[in-house]
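Reader: Hi! Could we go through the charged pairs in this one together?
Author: Happy to, let's bring it up.

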Amino acid sequence: MKIYSARHGQTEYNRLDLILGITDIPLNETGTAQAEALAEKVTELGDVDVIIASPMLRAQSTAKAVAEKCSLSVVTDERLREWDYGEFEGKPRYTEGFAVNKIEFGVRMGRTGESLMQLAHRVYSALDDIITEYSGKNVLIVSHGGVCRVIETYFHDMSAAEFSGWFMENCQIIEYMV
């Protein structure tokens with residue numbers, strides 16, 4: 001079984017380097033083009049059986065572009081929604097305290113958001129269920145930067161410093177063997 005993890009296409013928040021968690025905004029023009037390019041790449045892989053996506057608009061749009069190209073449907077899993085960044089939402093990525101808060105696993109992000117522990121719990125439970133339910137199939141997960149970072153830790157150990165610095169580009173795709 002393979003699990004492919006892809007981040008959604010670009011949004012205006014991404015373009016402006018703003019923290020984007022639970023704000024549900026669409027892809028911008030670049031993001032739409034990136035989603036189409038991801039669809040081409042997945043078509044070339046030729047082995048995706050199932051597409052599972054976050055319920056958020058930017059991930060759904062990206063997943064639907066791939067699904068249409070590959071003649072598949074999109075399964076939505078609420079647990080793949082982006083990290084709730086609390087009071088950091090919509091602020092510049094280099095806002096004081098954001099990078100530090102990102103690795104404080106038991107502290108709610110931006111005081112009112114989700115802790116890393118909460119995020120990891122829901123993403124790990126989604127992965128456990130996906131691996132059980134779709135055993136023997138290849139799955140593409142379309143989600144978000146924070147979720148992709150946690151997916152990476154599911155398959156590969158990371159120090160706090162590695163976790164903090166790990167980044168996935170819009171519509172980048174990573175393959176994991178289960």
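Reader: Which residue does Arg79 form a salt bridge with, and how far apart are the closest N and O atoms?
Author: Arg79 pairs with Asp77, and their closest N and O atoms are 2.9 Å apart. By salt bridge I mean a side-chain nitrogen of Lys or Arg within 4 Å of a carboxyl oxygen of Asp or Glu. This is a predicted model, where local features need pLDDT of at least 70 and side-chain atom pairs count only at pLDDT 80 or more, while totals for chains, interfaces and linings use all residues. Residues are numbered from 1 along each chain as its sequence is written, and side-chain values use heavy atoms, with hydrogens and water left out.

Reader: Is Asp77 buried or exposed?
Author: Asp77 counts as buried, at 12% relative accessibility. Arg79 is partly exposed, with a relative accessible area of 25%. The cut-offs are under 20% relative accessible area for buried, over 50% for exposed, and partly exposed in between, using a 1.4 Å probe and protein chains only.

Reader: What about Arg79 and Asp129, how far apart are the closest N and O atoms there?
Author: Those atoms are 2.7 Å apart, and Arg79 and Asp129 form a salt bridge too. Arg79 sits in the loop between strand 3 (74-76) and helix 4 (98-102), and Asp129 belongs to helix 5 (residues 116-133), so this pair ties together parts that are 50 residues apart in sequence. Helices (H or I, at least four residues) and strands (E, at least two) are DSSP runs, numbered from the N terminus.

Reader: Which residues do salt bridges with shared partners join into one network?
Author: That network is made of Glu78, Arg81, Glu114 and Arg122.

Reader: And how many salt bridges does a search of the whole structure find?
Author: The search finds 10.

Reader: Switching topic: where is Asn28?
Author: Asn28 is in the loop between helix 1 and helix 2 (29-45), and it is buried, with a relative accessible area of 10%.

Reader: Which side chain does a polar contact of 2.9 Å join to that of Asn28?
Author: That's Glu12. A polar contact is a pair of N or O atoms within 3.5 Å; within protein, one must be able to donate a hydrogen and the other to accept it, and residues adjacent in sequence count only if both atoms are side-chain atoms. A polar atom of the Asn28 side chain also lies 3.1 Å from the backbone nitrogen of Thr30.

Reader: Which residue does Glu12 form a salt bridge with?
Author: Glu12 bridges to Arg15, with the closest N and O atoms 2.8 Å apart. Both lie in helix 1 (residues 12-15), 3 residues apart, about one turn of the helix.
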